[in-house]
Amino acid sequence: MYQLAHIANTILYRAKGEDMPISPMKLQKLIYFLYGEYLYREGKALFAERFEVWKYGPVLDDIYQAFKQFGAGRIKKYMPDANGLYQVVDLDSDRRFRACFDKVWDSHSAQSGIELSKLTHQERSAWYIAASKRRTFLNDEDIFAEMRHRNDRQAREDSPC
């Protein structure tokens with residue numbers, strides 16, 4: 001498992017390198033899709049924190065608290081980890097993580113936080129299921145099922161036949 005701060009900082013570091021603004025909402029959703037992709041491919045959680053059911057989709061309270069000062073604007077700092085350090089994931093040291101990271105980045109980094117939020121609200125999404133059942137948290141089984149559905153749909157769309 002990774003520390004949540006390292007995941008957030010990795011996304012922010014990539015975005016900074018590409019001069020791409022990342023709002024708190026967009027960061028939340030990119031982390032969500034990365035978590036889901038990793039769960040789908042590897043069969044295990046990427047980090048220990050759980051996603052809460054909020055109005056605009058899945059939210060990690062630690063991420064919300066760390067970046068709420070930026071409102072809907074561009075995040076301009078990194079998140080300290082449990083030791084007070086500002087670290088990123090070494091993408092070259094974990095090819096499985098990197099494959100998930102690159103897929104999510106390539107698929108979703110150009111989308112806005114609002115666009116990503118709308119994706120999390122689709123019928124059959126883990127957020128939609130949890131919200132309709134009035135749950136406080138999303139569960140990994142529903143996240144896994146959502147990502148399996150998304151990957152299956154993408155494979156059909158990419159198929160030449």
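**View 1. The largest nonpolar core of the predicted model has 45 residues.** This is a predicted structure. Leu27 and Ile31 have the most contacts inside the core. Seven helices each supply at least two core residues: α1 (4-17), α2 (24-42), α3 (61-67), α4 (95-108), α5 (113-120), α6 (126-132) and α7 (140-158). The largest share, 9 residues, comes from α2. Leu27 shows how the packing is built.

**View 2. Helices α2 and α7 cross at roughly 85 degrees.** Their axes come within 9 Å. An angle from 65 to 115 degrees counts as roughly perpendicular, and α2 and α7 are therefore roughly perpendicular to each other. From α2, the contact uses Tyr32, Phe33, Tyr35, Gly36, Glu37, Leu39 and Tyr40. From α7 come Asp140, Ile143, Phe144, Glu146, Met147, Arg148, Arg150, Asn151 and Asp152. By class, the α2 and α7 contact has 8 nonpolar, 2 polar and 6 charged residues.

**View 3. Helices α2 and α5 meet in a left-handed crossing.** The axes of α2 and α5 come within 8 Å and cross at roughly 40 degrees. The two helices are therefore oblique to each other. On α2, the contact residues are Met25, Lys26, Lys29, Leu30, Tyr32 and Phe33. On α5, they are Gly113, Ile114, Leu116, Ser117, Leu119 and Thr120. The class count for α2 with α5 is 7 nonpolar, 3 polar and 2 charged residues. Tyr32 and Phe33 of α2 take part here, and Tyr32 and Phe33 also take part in the contact with α7.

**View 4. Helices α1 and α4 pack with their axes 12 Å apart.** The angle between α1 and α4 is about 50 degrees, and the pair is therefore oblique. The crossing of α1 and α4 is right-handed. Ile7, Thr10, Ile11, Arg14 and Ala15 make the contact from α1. Phe97, Arg98, Phe101, Asp102 and Trp105 make the contact from α4. By class, the α1 and α4 contact has 6 nonpolar, 1 polar and 3 charged residues.

**View 5. Asp102 lies in helix α4.** Arg148 is 46 residues from Asp102 along the chain. The C-alpha atoms of Asp102 and Arg148 are separated by 17 Å. Arg148 itself is one of the α7 residues in contact with α2.

**View 6. Leu138 sits in the loop between α6 and α7.** Is Leu138 buried or exposed? Its relative accessibility is 2%, so Leu138 counts as buried. Tyr86 is 52 residues from Leu138 in sequence and 28 Å away in space, C-alpha to C-alpha.

**View 7. Asp19 and Arg134 are loop residues with positive phi.** Most residues other than glycine have a negative phi. Asp19, in the loop between α1 and α2, has phi near 50 degrees. Arg134, in the loop between α6 and α7, has phi of about 55 degrees. How accessible is each side? Asp19 has a relative accessibility of 57%, so Asp19 counts as exposed. Arg134 reaches 77% and therefore counts as exposed. Leu138 lies in the loop that holds Arg134, between α6 and α7, but Leu138 counts as buried.

**View 8. Ala155 lies in helix α7.** With 47% relative accessibility, Ala155 counts as partly exposed. Gly57 is 98 residues from Ala155 in sequence. In space, Ala155 and Gly57 are 25 Å apart, C-alpha to C-alpha.

Conventions: Residues are numbered from 1 along each chain as its sequence is written. This is a predicted model: local features need pLDDT of at least 70, side-chain atom pairs count only at pLDDT 80 or more; totals for chains, interfaces and linings use all residues. Side-chain values use heavy atoms; hydrogens and water are left out. A nonpolar core is a set of buried Ala, Val, Leu, Ile, Met, Phe, Trp, Tyr and Cys residues joined through side-chain atoms within 4.5 Å. Buried means under 20% relative accessible area, exposed over 50%, partly exposed in between (1.4 Å probe, protein chains only). Helices (H or I, at least four residues) and strands (E, at least two) are DSSP runs, numbered from the N terminus. Axes are lines fitted to C-alpha atoms, for helices over the stretch in contact, and angles run from 0 to 180 degrees between N-to-C directions. Angles under 35 degrees count as roughly parallel, over 145 as roughly antiparallel, 65 to 115 as roughly perpendicular and the rest as oblique. A crossing is left-handed if the near helix is turned anticlockwise from the far one by less than a right angle, and right-handed if clockwise. Contact means heavy atoms within 4.5 Å. Ala, Val, Leu, Ile, Met, Phe, Trp, Tyr, Cys and Pro count as nonpolar, Asp, Glu, Lys and Arg as charged, and the others, Gly among them, as polar.
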